[in-house]
Amino acid sequence: MNGPGEAGVEAIWGDGSGWGDAWPAPAKLNLMLRVVGRRDDGYHELQTVFQLIDRCDRLWFDVRDDGRILRVGDLAGVPEQHDLTVRAARALQQASHCPLGVDIRCHKYLPMGGGLGGGSSDAATTLVALNQLWGTGLSEDELAEIALPLGADVPVFVRGRAAWAEGVGERLDPVELPEPWYLVLVPACAVSTKDVFSHPDLTRDSNLITLADFVGGDAVNDCLPVVRREYSEVGAALELLAAWGGRLTGTGACVFAVLGSQDDALGSLAQLPSDMAGFVAQGRNRSPLLDRMDAESLVKTGRC
Ligand SMILES: C[C@@](CO)(OP(=O)(O)O)[C@H](O)COP(=O)(O)OP(=O)(O)OC[C@H]1O[C@@H](n2ccc(N)nc2=O)[C@H](O)[C@@H]1O
Ligand SMILES: Nc1ncnc2c1ncn2[C@@H]1O[C@H](COP(=O)(O)OP(=O)(O)O)[C@@H](O)[C@H]1O
């Protein structure tokens with residue numbers, strides 16, 4: 001992650017070129033989030049708007065002939081069998097009866113527990129990449145179905161488009177939004193999605209709104225009051241963004257604001273207090289993962 005004062009953007013992340021052999025796993029921002037109900041299984045019904053950004057984890061996959069699925073390297077606090085990339089590969093292997101395996105390497109650039117969906121995006125990139133590399137040939141709908149049990153946020157990354165979302169995040173309608181420059185702050189705390197959704201004070205009965213309401217400025221995040229109260233670091237970060245109307249993404253901890261230009265955003269990043277981390281990224285209606293697929297037109301192996 002970039003600290004304040006460093007260049008906040010790597011231009012190669014946004015345009016689908018310059019990835020080398022790495023597969024991108026972009027972050028998302030929830031531009032608004034309403035909790036509109038609770039299902040019998042405890043999951044909450046949401047209305048949210050997802051936009052992708054051009055800040056990404058990077059993944060590499062080496063196909064194995066012996067069917068084993070292995071993680072290369074460590075991820076702090078996440079045992080290999082719980083890693084969403086490993087779980088995604090296993091889910092695809094089971095669904096497709098593919099005899100192949102894979103070594104998975106992931107370089108994290110996205111904070112964990114930040115509300116940026118990094119783990120979910122890693123899982124989605126694994127599904128999309130292995131569907132190609134294993135030659136399993138599943139459709140986007142089939143991949144999205146495998147994605148949902150891995151996490152409510154995984155399907156949007158499989159589909160790779162900014163979206164208006166309902167249900168637990170699986171009912172997705174693509175939307176075309178402005179693609180502004182965002183300043184994203186990363187408070188020094190990780191927020192547990194589960195803890196926020198089980199908090200007794202969480203608003204769970206927001207009224208339904210329409211896309212037109214959102215476009216007209218209704219951009220509330222119902223998780224904010226609880227998160228702000230439980231994590232003082234989040235409140236402090238939001239104060240730094242007050243001039244631009246800072247917002248919380250998902251259940252946090254990251255907060256973000258729309259800046260007028262890349263230069264404005266980088267200038268504001270450079271002026272942050274030295275103990276506040278952050279980065280600059282551009283909104284994307286189309287995932288860098290889809291751009292990478294198009295750019296490289298990888299040849300299907302047809303080995304399954
Ligand atoms: C809130 C959102 C908004 O985009 O993002 P994050 O802040 O986590 O990034 C997502 O819905 C999160 O999706 P994801 O991170 O995949 O969550 P999951 O692993 O499926 O769920 C973690 C836990 O949160 C609770 N949960 C999650 C989603 C939801 N709609 N209702 C819930 O009650 C459940 O207790 C679940 O056990
Ligand atoms: N490959 C992975 N990358 C990140 N987190 C992972 C991964 N696999 C499992 N996890 C778990 O998922 C949790 C949520 O991670 P992440 O998706 O990055 O945050 P958020 O849901 O807040 O956006 C992490 O705290 C971690 O325990």
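Which exposed residues does the face of helix 8 turned away from its buried side carry? They are S232 and E239. The views below come from a predicted model, where local features need pLDDT of at least 70, side-chain atom pairs count only at pLDDT 80 or more, and totals for chains, interfaces and linings use all residues. Residues are numbered from 1 along each chain as its sequence is written, and chains are lettered from A and ligands numbered from 1 in the order in which they are written.

**View 1. The two sides of helix 8 (residues 232-240).** Buried here are E233, V234, A237, L238 and L240 (buried: 20 or more other C-beta atoms, placed from the backbone, within 10 Å of a residue's own; exposed: 12 or fewer). These residues cover an arc of only 150° around the axis, so they sit on the same side of helix 8 (the arc is that of the directions from the helix axis to the C-beta atoms). Helices (H or I, at least four residues) and strands (E, at least two) are DSSP runs, numbered from the N terminus.

**View 2. The shell around ligand 1.** Of its 20 residues, H44, G151, D153, F197 and G250 come nearest (near: C-beta atom, placed from the backbone, within 6 Å). Strand 1 (23-38), strand 2 (44-64) and helix 5 (193-197) each give at least two residues.

**View 3. The shell around ligand 2.** Here 19 residues surround the ligand, with L84, M112, G118, G119 and D122 the closest. Helix 1 (84-96) and helix 2 (118-133) are the elements that give two or more residues, and helix 2 has the largest share, 4 residues.
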